[in-house]
Amino acid sequence: MAGADERPVEIGEREFPLSGGRTLRVTEFGNGGIRLAVHTGTPYVITSLEQTEGGAVLGLSPGREGSNAHRNWVRDHGEDGRPE
């Protein structure tokens, strides 16, 4: 078992292609944890997080849809996606 300062052991990773050239990467850890990563040039914001009877549901939305996330990303990275 990993200590408080150690990252849990990664035991598996799968990638799922999404529309628009995006990819969802799901990483599983030995401690039962998972990490979700959406690979694209647009930032995502958490729009919902629910505990359900069968698990948990996480809702993500591109930052440009009604939030400041996309504007902040452009401000920090420039229109071309490179950090300024």
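Leu49 is found in strand E4; helices (H or I, at least four residues) and strands (E, at least two) are DSSP runs, numbered from the N terminus. Leu49 is exposed, with a relative accessible area of 63%. The class buried means under 20% relative accessible area, exposed means over 50%, and partly exposed lies in between (1.4 Å probe, protein chains only). The model is predicted: local features need pLDDT of at least 70 and side-chain atom pairs count only at pLDDT 80 or more, while totals for chains, interfaces and linings use all residues. Residues are numbered from 1 along each chain as its sequence is written, and side-chain values use heavy atoms, with hydrogens and water left out.

Together with Ile34, Leu36, Ile46, Leu58 and Leu60, Leu49 makes a nonpolar surface patch of about 590 Å². Patches are made of residues with over 30% relative accessible area and no salt bridge, where like charges are joined within 9 Å and nonpolar side chains (Val, Leu, Ile, Met, Phe, Trp, Tyr) within 5 Å. Accessible areas come from the Shrake-Rupley method with a 1.4 Å probe, and for residues only the protein chains shown count as cover. At least two residues of the patch come from each of strand E3 (34-39), strand E4 (44-52) and strand E5 (55-62).

## The three-stranded sheet

An open sheet of 3 strands has the order E1-E2-E3, with antiparallel pairing; two strands pair if DSSP finds at least two bridges between them. Strand E1 (10-17) and E3 are the edge strands and have a single partner strand each, so one side of each is left without a neighbour in the sheet. On average, neighbouring strands of this sheet are turned by 15° against each other, direction ignored. For such angles, axes are lines fitted to C-alpha atoms, for helices over the stretch in contact, and angles run from 0 to 180 degrees between N-to-C directions. Strands of a sheet pair through backbone hydrogen bonds, either parallel or antiparallel.

E1 and strand E2 (residues 23-29) run antiparallel and are joined by 7 bridges. Glu10 stands opposite Phe29 in E2. E2 and E3 also pair in the antiparallel sense, over 6 bridges, and here Leu24 stands opposite Val38 in E3. The hairpin of E2 and E3 has 4 residues between the strands, and in this hairpin Gly32 takes a positive phi near 95°.

## Salt bridges around Arg25

The structure holds 2 salt bridges, each defined as a side-chain nitrogen of Lys or Arg within 4 Å of a carboxyl oxygen of Asp or Glu. Glu13 forms one with Arg25, their closest N and O atoms being 3.7 Å apart. Glu13 lies in strand E1 and Arg25 in strand E2, so this pair ties together parts that are 12 residues apart in sequence. Arg25 also forms a salt bridge with Glu15, with the closest N and O atoms 2.5 Å apart. This second pair links distant parts of the chain, Arg25 in strand E2 and Glu15 in strand E1, 10 residues apart.

Glu13 is partly exposed at 41% relative accessibility, Glu15 is partly exposed at 43%, and Arg25 is partly exposed at 25%.

## Arg14

Arg14 is found in strand E1 and counts as exposed at 56% relative accessibility. Arg14 and Arg25 are 11 residues apart in sequence, and their C-alpha atoms are 5.7 Å apart in space. Leaving aside its neighbours within four places in sequence, Arg14 is in contact with Leu24, Arg25 and Val26, where contact means heavy atoms within 4.5 Å.
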